[in-house]
Amino acid sequence: MSISIFLFLALLFVIALLIVRALGRSAPARGEPPLTRSGPPAEQILAERYARGEIDEEEYRRRLATLRGAPPGGAPPGGPSP
């Protein structure tokens with residue numbers, strides 16, 4: 001009898017702990033912007049890498065064109081019409 005009460009109380013404690021942890025993750029702290037699931041946009045990351053000097057201007061423009069769906073070199077998507 002006492003073992004079953006102990007197990008029941010332990011189960012209640014675990015459920016309460018899981019609820020508190022789940023609620024704590026969903027609410028951002030005060031003053032912090034809410035997190036997006038996708039993270040920062042790819043263009044922003046690319047711009048930051050260019051600003052830090054990790055990539056040069058040519059590579060920045062080439063990757064930016066790729067992100068925006070244009071082939072490198074400035075031609076419109078789909079190429080020239082015949």
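**Labels and their cut-offs**

Reader: Why is Arg52 called exposed?
Author: Arg52 has a relative accessible area of 53%. The label exposed needs over 50%, buried means under 20%, and partly exposed lies in between (1.4 Å probe, protein chains only). Arg52 therefore counts as exposed.
This is a predicted model, so local features need pLDDT of at least 70 and side-chain atom pairs count only at pLDDT 80 or more, while totals for chains, interfaces and linings use all residues. Residues are numbered from 1 along each chain as its sequence is written, and side-chain values use heavy atoms, with hydrogens and water left out.

Reader: What makes the contact of Arg52 and Glu54 a salt bridge?
Author: The term asks for a side-chain nitrogen of Lys or Arg within 4 Å of a carboxyl oxygen of Asp or Glu. For Arg52 and Glu54 the N to O distance is 2.8 Å, so the pair qualifies. Glu54, at 45%, is partly exposed.

Reader: How many salt bridges are there in the whole structure?
Author: The search finds five. One of them joins Glu57 and Arg61 at 2.9 Å, N to O. Both residues lie in helix α3, four residues apart, about one turn of the helix. (Helices are DSSP runs of H or I with at least four residues, strands are runs of E with at least two, and both are numbered from the N terminus.) Glu57 is partly exposed at 40%, whereas Arg61 is exposed at 54%. Elsewhere, shared partners join Arg49, Arg52 and Glu54 into one network of salt bridges.

Reader: How do you know that Arg68 and Glu43 form a salt bridge?
Author: Their closest N and O atoms are 3.2 Å apart, so the pair meets the distance rule. The bridge links distant parts of the chain: Arg68 is in the segment after α3 and Glu43 in helix α2, 25 residues apart. Arg68 is exposed at 57%, and Glu43 is partly exposed at 31%.

Reader: Why are Tyr50 and Tyr60 called stacked?
Author: Rings of Phe, Tyr and Trp (its six-membered ring) pair if their centres lie within 6.5 Å; planes under 30 degrees apart count as stacked, over 60 as edge-to-face and the rest as tilted. By this rule there is one aromatic pair. Tyr50 and Tyr60 are 4.8 Å apart, centre to centre, with 20° between the planes, so they are a stacked pair. Tyr50 belongs to helix α2 (residues 42-52) and Tyr60 to helix α3 (residues 57-67), 10 residues apart.

Reader: What makes Tyr60 buried?
Author: Its relative accessible area is 18%, so Tyr60 falls under the limit for buried. Tyr50, at 34%, counts as partly exposed.
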